[in-house]
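Please look through the structure below with attention to charged side chains and to the packing of helices. The paragraphs that follow take these topics in turn.

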Amino acid sequence: MSRPGSSPDEKGVSQNGDPGGHRPVFTNTLNAAVSPETRLLSAFARDTQARKVDLAGREYYSEEGRPFELRLVGKIKQQLSTDPTLHPEYPSSLGLREFTRKATEVALGKHSRAIVENRVLGVQTPGFTAAVRLGAELLRCWYDPSACWCGPVYLSSPCDDSLTGIFQAAGIQEIREYYYWDDKQRGICLERLLEDLESAPEHSVVVLSASAHYPTGADLSQSQWAVITRLITRRRLFPFLLLPTQALCCGDMERDAWPVQHCASLGMELLCAQSFSHCFGLYGEAVGHLLCVLKQNSVLLPVRSQADKIVRSLWARPSVGGAHVVTTVLSNSAHLVEWQGEVKHIVERCMLIRAILREKMRLLGTPGRWDHLTQQGGLFCCTGLNGEQVEFLSNRRRVYLLPGGCLNVSAINCRNLDYIAESIHLALTSSL
Amino acid sequence: MSLFSDVPQAPPVAVFKLTADFREDTHPQKVNLGVGAYRTDDCQPWVLPVVKKVERLIVEDESLNHEYLPILGLPEFRSAASKVALGDDSPAIKENRVGGVQALGGTGALRIGAEFLRRWYNSVNNTATPVYVSAPTWENHNGVFADAGFKDIRPYHYWDAAKRGLDLAGFLDDLEKAPEYSIFVLHACAHNPTGTDPTQEEWKQIAEVMKRRKLYVFFDSAYQGFASGSLEKDAWAIRFFVSEGFELFIAQSFSKNFGLYNERVGNLTVVSKDNENLTRVLSQMEKIVRTTWSNPPSQGARIVSKTLNCPELFEEWKGNVKTMADRVLLMRDQLKAKLQALGTPGTWDHITQQIGMFSFTGLTPKQVEYMIKEKHVYLMASGRINMCGLTSKNIDYVAQSIHEAVTKVQ
């Protein structure tokens with residue numbers, strides 16, 4: 001855990017002559033440095049301009065500009081609220097069994113060899129961050145105990161800015177980057193990515209996005225995955241896959257999970273953090289899952305018992321509400337069809353927005369390449385704007401992007417599209 | 001070869017193993033007095049009527065947004081939760097020096113508080129600061145503080161087995177001898193597992209030493225309302241400490257008093273010296289939460305918040321809580337009466353003197369073994385029973401079993 005420097009007057013042991021009680025106990029507590037994302041959000045919140053546009057949000061926004069609740073989910077919540085068989089029992093620390101079963105199946109495919117051979121552990125977690133945290137704790141405590149492993153963990157450049165903090169909070173200090181997004185190419189530079197992983201020490205953990213990479217939206221192709229998995233196997237690296245928005249990238253559960261299934265089919269050991277918040281519109285419900293694919297069935301029970309122990313001192317057990325909804329949908333073929341329909345609608349809208357935005361850029365004659373907008377999938381895309389240009393957008397045009405120039409495609413709608421396109425154009429053409 | 005080949009099997013948690021054994025037992029008269037969850041007289045979990053009502057209101061509320069909750073949680077939940085602990089007219093709240101962090105149950109609240117203290121209490125690195133937990137205590141206290149990074153977790157005297165009550169002298173002695181600035185985990189009421197709470201006079205003595213020795217107060221409050229049936233009575237110790245000027249943490253759980261075991265509703269109430277301190281503390285709490293679960297689940301917090309913030313629902317809830325507390329009190333009375341009627345050797349006053357869900361019966365490990373193996377009555381090796389596991393249908397059998405255990409087994 002990184003410690004801020006402490007100066008002589010920050011040491012807290014002085015005896016203050018305060019007769020009424022203690023001197024404030026937490027005088028040394030520094031005001032936490034605000035993350036760029038938070039700064040952005042508060043700037044947006046303080047912005048009183050009617051025209052402001054927030055393209056940095058994490059949720060899927062409907063055309064009306066609100067986080068989207070799936071109709072089916074609303075119906076099921078109603079049903080569940082009147083279900084007399086649902087008891088307010090403590091769930092197991094590893095979560096609802098039916099949920100973990102379904103979550104495992106959607107990631108690996110029902111007939112996955114790993115499932116059949118009973119060497120898969122599934123743990124329900126209160127959200128995606130919690131899944132990553134649990135995976136990190138498992139690795140820190142138990143990955144290669146004989147070698148006293150303590151890192152490094154490789155994250156893509158760029159990546160979700162909370163990932164570093166999560167691994168460090170779990171006690172893994174050494175976090176490194178591997179090259180991923182190339183601004184010039186407006187896409188992944190595989191060559192440099194492979195170079196970085198090639199030089200990673202054996203037993204490094206590599207965090208890879210399975211689909212809908214956040215924040216760039218740029219995903220590895222199947223042939224690129226084949227090359228990477230060969231390298232991972234050869235260099236004895238450990239894959240930790242991220243699957244936060246399954247089905248929202250290609251509109252297809254299986255296609256979005258292909259990398260997970262590919263690694264498993266090669267007999268690899270892996271962790272995969274999943275979230276059902278996005279694809280079910282259950283943001284507030286914290287529905288996450290950590291998948292552990294192990295090489296042997298014999299280690300399943302020990303690993304599960306250790307996962308259980310870790311969970312018990314973190315959050316004890318997950319919350320069940322959202323998990324019930326997801327399980328209900330995934331276990332019923334009629335619901336499944338209805339849900340897939342709604343998801344398809346979300347995906348098609350995102351693809352349409354990408355296409356329209358790209359077309360606008362072309363019509364405006366905006367400099368730079370915009371093909372990548374339609375080559376990518378999912379909620380996020382990287383515009384390639386630099387820091388200055390991103391600031392221009394927020395300061396002068398009240399259009400808020402993520403600090404790295406990435407934006408949430410779903411937040412664009414027919415009311416703000418022109419303004420946004422114009423703004424990006426200005427950012428790139430005004431002399432700054 | 002799996003990279004996890006050398007991972008050892010972790011020992012099972014005693015109370016869950018007990019429940020698992022109970023489940024497999026086919027004896028028709030088996031009774032589970034292990035796990036700490038409320039049961040009705042039909043031995044069923046109970047959805048509080050007010051909770052059912054509020055759940056419907058929530059499901060039908062079109063205006064609710066479905067966004068991620070803020071990292072620190074639902075604001076109206078946090079303020080209502082802190083208010084319920086500190087009281088409506090709490091000067092600390094009026095002085096704007098009270099904040100809350102929504103957490104995943106009481107465990108989550110403890111963990112966030114522990115993580116914060118390890119980083120920021122007293123100096124920047126507190127892994128060596130002693131953390132004192134009562135002997136005995138809820139066994140997860142050890143796990144939470146250890147995993148938060150504290151290396152020195154010590155017991156303080158609490159339960160006097162001989163007199164079946166509080167070992168006040170031992171407790172005060174430990175307070176006197178603890179290094180200054182040590183952290184003490186106190187049970188706000190309905191001590192788990194003993195059911196034995198300090199009296200108001202005893203709390204005053206404890207507070208006096210803690211203030212003088214500059215010890216940090218971390219309350220665990222999982223049973224407010226559930227212990228005596230009165231929210232105010234059960235919060236007396238907390239409110240007293242706050243009125244004495246202590247800065248402190250309170251890990252609150254709404255699992256039991258709302259029957260929301262599976263929605264994981266907790267709150268870490270922070271009482272600071274002033275608003276400026278509070279702001280800084282909360283900013284660091286946010287960082288810690290961000291790398292643990294990032295955004296807490298909304299369902300449970302919404303239910304509790306709606307209930308606490310609406311006068312009619314609040315009254316209804318208090319009534320539901322009293323229903324649960326009253327049933328426990330009834331079972332205590334009846335168990336003691338039956339044991340006395342049977343002429344079971346020993347005194348059984350402690351059963352009605354103790355408070356909350358649990359009772360430390362005083363049964364020895366051998367007697368407990370007898371209860372489980374011969375009578376199929378499941379209780380913890382410590383002799384702890386969950387009063388909620390008793391019903392009008394099984395109380396005679398349980399009393400009889402205790403009688404046999406005490407008379408046949410030493």
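In this predicted model, A:Arg176 has a relative accessibility of 32% and therefore counts as partly exposed, a class that lies between buried (under 20% relative accessible area) and exposed (over 50%), as computed with a 1.4 Å probe on protein chains only. A:Glu174 is likewise partly exposed, with a relative accessible area of 32%, and its side chain meets that of A:Arg176 in a salt bridge at 2.5 Å, N to O. A salt bridge here is a side-chain nitrogen of Lys or Arg within 4 Å of a carboxyl oxygen of Asp or Glu. Elsewhere, salt bridges with shared partners join A:Arg133, A:Glu137, A:Arg140, B:Arg111, B:Glu115, B:Arg118 and B:Arg119 into one network, and over all chains the count comes to 46 salt bridges.

Residues are numbered from 1 along each chain as its sequence is written, and chains are lettered from A in the order in which they are written.

A:Glu63 forms a salt bridge with A:Arg349, the closest N and O atoms being 2.9 Å apart. Because A:Glu63 lies in the loop between strand S1 (53–54) and helix H2 (71–81) of chain A, and A:Arg349 in helix H14 (residues 333–364) of chain A, the pair ties together parts that are 286 residues apart in sequence; helices (H or I, at least four residues) and strands (E, at least two) are DSSP runs numbered from the N terminus. A:Glu63 is partly exposed at 26% relative accessibility, whereas A:Arg349 is buried at 10%.

Helix H7 (residues 190–198) and helix H8 (residues 222–234), both of chain A, pack at an angle of about 10° with their axes 10 Å apart, the axes being lines fitted to C-alpha atoms over the stretch in contact and the angles running from 0 to 180 degrees between N-to-C directions. H7(A) is therefore roughly parallel to H8(A), a term for angles under 35 degrees.

As for confidence, the mean pLDDT of chain B is 95, with 100% of its residues at 70 or more, and the model scores ipTM 0.94 and pTM 0.92.

Notes
Predicted model: local features only at pLDDT ≥ 70, side-chain atom pairs only at ≥ 80, totals over all residues. Heavy atoms only, no water. pLDDT = per-residue confidence, 0-100. Parallel < 35°, antiparallel > 145°, perpendicular 65-115°, else oblique.
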